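Let's take a look at some rings and greasy side chains. Have the structure open while you read.

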Amino acid sequence: MAEGGDETAMQKDLDNEFQRYLGQLDNFLVSMKHRDKALATEWIEKLKKSNKDIQERKLRNRFIKHFVESTNNDKSVFSSKPFKNLPQYFSDPLEEFKSLLPLTPEEILHPTEEVKQTYISELFTNVPEGAKFLQVQPVPRQGSFFILLVIPDDSKEGGKK
């Protein structure tokens, strides 16, 4: 019986936290551009429906906290990636969009195997020449690679023409 009461109290605490962040985000809505306001409203409606269990409530609160912390009177989180457009399949469960959020310290320190694979694929995608050099290097048994990319700033040369 006590566990059910603890769970209900936790749900209530999470709901109160959500309402507090929602109030803060509502204050920013007034000064947002029309497009950003429309995106924010869509997200808010989705987040309001995301309350079936404690895990979903926690994720919902991470989203709204990120929206509040990344928005100020000058700039909206909805005017830049990844929230500039609604994700494809926006009606999917909130868990499907977790990758849009910045990683928590715990997720950074203890990444899942899926996240580790993403890091590797991003590394090979973002390295010039398709990482041909890296592909032929032996994989260290202990330790790690240190890669420093030096990319010229082409914007400075544009003015010299």
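Is Trp43 buried or exposed? Trp43 counts as buried, because its relative accessibility is 0% and the cut-off for buried is under 20%. Keep in mind that this is a predicted model.

## A pair of rings

Now look at what Trp43 pairs up with. Searching the whole structure turns up 10 aromatic pairs. In one of them, the ring centres of Trp43 and Phe97 sit 6.1 Å apart, and their planes meet at 80°, so this pair is edge-to-face.

Where do the two partners come from? Trp43 belongs to helix H2 (residues 34-49), while Phe97 is in the loop between helix H3 (54-69) and helix H4 (105-109), so the pair ties together parts that are 54 residues apart in sequence. Phe97 is buried too, with a relative accessible area of 5%.

## A cluster of rings

Trp43, Phe63, Phe67, Phe78, Phe83, Phe90 and Phe97 are linked into a cluster by ring pairs.

## Out on the surface

Time to head outside. Leu103, Ile108, Tyr119 and Ile120 make up a nonpolar patch on the surface, and together they have about 360 Å² of accessible area.

One of these, Tyr119, is part of helix H5 (residues 113-126). Its relative accessible area is 37%, so Tyr119 counts as partly exposed.

Terms used: Residues are numbered from 1 along each chain as its sequence is written. This is a predicted model: local features need pLDDT of at least 70, side-chain atom pairs count only at pLDDT 80 or more; totals for chains, interfaces and linings use all residues. Side-chain values use heavy atoms; hydrogens and water are left out. Patches are made of residues with over 30% relative accessible area and no salt bridge: like charges are joined within 9 Å, nonpolar side chains (Val, Leu, Ile, Met, Phe, Trp, Tyr) within 5 Å. Accessible areas come from the Shrake-Rupley method with a 1.4 Å probe; for residues, only the protein chains shown count as cover. A salt bridge is a side-chain nitrogen of Lys or Arg within 4 Å of a carboxyl oxygen of Asp or Glu. Helices (H or I, at least four residues) and strands (E, at least two) are DSSP runs, numbered from the N terminus. Buried means under 20% relative accessible area, exposed over 50%, partly exposed in between (1.4 Å probe, protein chains only). Rings of Phe, Tyr and Trp (its six-membered ring) pair if their centres lie within 6.5 Å; planes under 30 degrees apart count as stacked, over 60 as edge-to-face and the rest as tilted.
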